[in-house]
Amino acid sequence: MKLRFHWMFPKGGEVAMKTAQETSRVLTTKNMSPAALPDMEGWVQFARSAEEAGIESVLLSFSRYEPDTLLIACAMGQATAKLKFIVAYRMGLMQPATFVQQINTLSALVGGRVALNIVAGSSMLEQRGYGDFSNMMIVTPVPMNS
């Protein structure tokens, strides 16, 4: 039986932190997080190292304070030959036909090295950050009888 290894792709700024012997993760819950900015140099270094180490695929995390996972997967797919990309994505942010078109285009550009991780969201506050107010409770005041 062949072992298959998968790993988490670093957030923006994490590759530099790891080389500086820091052990904390970059938080993605704040708009001033370094995760909000692409880290092409660090990501290419990580992706090529993962590929050389035999990692089969990496999960690209999704939050409103991080770059778009589809674009990261496309860029990293151009910089690697074998590494697969598990693209996390939250449904409901675009029309299904547009999403399928983007996934099909990404798959063609990276030689089919893409898989999906559909996430539901972690909180109402996060959903509101995307403009999704559909889960908000509407509370109607009940008049008190005198």
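Which residue forms a salt bridge with K11? The partner is E66, and the closest N and O atoms are 3.7 Å apart. A salt bridge here means a side-chain nitrogen of Lys or Arg within 4 Å of a carboxyl oxygen of Asp or Glu. K11 sits in the loop between β1 and α1 (14-19) and E66 in the loop between β2 and α3, so the pair ties together parts that are 55 residues apart in sequence. K11 is buried, at 8% relative accessible area, and E66 is buried too, at 14%. For these labels, buried means under 20% relative accessible area, exposed over 50%, and partly exposed in between (1.4 Å probe, protein chains only).

A quick word on what you're looking at: this is a predicted model, where local features need pLDDT of at least 70, side-chain atom pairs count only at pLDDT 80 or more, and totals for chains, interfaces and linings use all residues. Residues are numbered from 1 along each chain as its sequence is written, and side-chain values use heavy atoms, leaving out hydrogens and water.

The count comes to 3 salt bridges, and R4, E56 and K84 are linked in a network of them. R4 pairs with E56, with the closest N and O atoms 2.9 Å apart. R4 lies in the segment before β1 (5-8) and E56 in strand β2 (residues 55-60), so this pair joins parts 52 residues apart in sequence. Strands are DSSP runs (E, at least two residues), and helices are runs of H or I, at least four, all numbered from the N terminus. R4 is exposed at 54%, while E56 is buried at 19%. K84 meets E56 at 3.4 Å, N to O, and K84 is partly exposed at 36%.
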